[in-house]
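Hello,

Please find the structure below. My notes on it follow.

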Amino acid sequence: MPDLFAYTDGACSGNPGPGGWGVLLIAREGAQVIKERELSGGEAETTNNRMELMAAISALEGLTRPSIITIVTDSAYVKNGVTEWIHGWKRKGWRTAGGPPVKNADLWQRLDAAQARHQVTWRWIKGHAGHAENERADALARAGMAPYKKAPAP
């Protein structure tokens, strides 16, 4: 069975502002790429963190059957949230340790449900550091944002 990887990224022009997300799905056998699939989308008014979450959600929801997958993200917010913080949030009824509601709880709940079908390993990498797959995910995120950006005034 090939190894499955999802390289995810989010982008925002202003925060909040128009944003996009991108996913590069790659199936590999050893070093050889067997199959690739690109996903992207965006919203007119959003935040960078919401787009980072949407990238991970879209990667998992885009799989047609339960899978073993490694999600590679440059977002410490997503990686730490889903591997560490989410357990406490769920115990506390989607509230932070200090008591206020968790920001982006709708997307954290969606991500939690999406990953429940799969066996997911989460990896963080430094963004904009020359990782080819991360750069492609970033380009997909920027492409997903493009339709929502206003043209500059002449």
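**Strands, pocket and cores**

Tyr7 stands opposite Leu24 in strand 2. This is a predicted model, where local features need pLDDT of at least 70, side-chain atom pairs count only at pLDDT 80 or more, and totals for chains, interfaces and linings use all residues. Residues are numbered from 1 along each chain as its sequence is written, and side-chain values use heavy atoms, with hydrogens and water left out.

**Strand pairing**

Helices (H or I, at least four residues) and strands (E, at least two) are DSSP runs, numbered from the N terminus. Two strands pair if DSSP finds at least two bridges between them. Strand 1 and strand 2 are antiparallel, with 10 bridges. Their hairpin has four residues between the strands, and Gly14 has a positive phi near 90 degrees there. Pro16 is in the loop between strand 1 and strand 2. The peptide bond joining Asn15 and Pro16 is cis, with omega about 15 degrees.

Strand 2 also pairs with strand 3, again antiparallel, over 12 bridges. Ala27 has Lys35 of strand 3 as its bridge partner. Two residues separate strand 2 and strand 3 in their hairpin, where Gly30 in the turn has a positive phi of about 65 degrees. Strand 2 is mostly covered, with 12 of its 13 residues buried (under 20% relative accessible area; exposed is over 50%, partly exposed in between; 1.4 Å probe, protein chains only).

**The largest pocket**

A pocket here is an open set of points on a 1 Å grid over the protein atoms alone, where a 1.4 Å probe fits, with protein on both sides within 12 Å along at least five of seven lines; lining residues have an atom within 4 Å of a point. The largest pocket has a volume of about 560 Å³, taken as the space filled by probe spheres set on the points. Its lining has 21 residues, and Leu4, Ala27, Leu63, Arg65 and Ser67 lie nearest the centre. Strand 1 (3-12), strand 2 (17-29), strand 3 (32-46) and strand 4 (68-73) each give at least two lining residues. Strand 3 has the largest share, four residues.

**The nonpolar cores**

A nonpolar core is a set of buried Ala, Val, Leu, Ile, Met, Phe, Trp, Tyr and Cys residues joined through side-chain atoms within 4.5 Å. The largest has 30 residues, of which Val23, Leu60, Ile69, Trp108, Leu111 and Trp122 touch the most other members. Strand 2, helix 1 (48-61), strand 4, helix 2 (76-91), helix 3 (105-116) and strand 5 (119-124) each supply at least two residues of this core. Helix 1 has the largest share, eight residues. Another core lies apart from it, with eight residues that include Tyr7, Leu24, Val72 and Ala137.

What does Gln115 touch, not counting residues up to four places away in sequence? Its contacts (heavy atoms within 4.5 Å) are Leu60, Val82, Val120 and Trp122. Gln115 lies in helix 3 and is buried, at 17% relative accessible area.

**Two loop residues**

Trp94 is in the loop between helix 2 and helix 3. Its phi is positive, near 65 degrees, though Trp94 is a residue other than glycine. Trp94 is buried, at 17% relative accessible area. Asn104 lies in the loop between helix 2 and helix 3. Asn104 is not a glycine either, yet has a positive phi of about 65 degrees. Asn104 is buried, with a relative accessible area of 15%.

Best wishes
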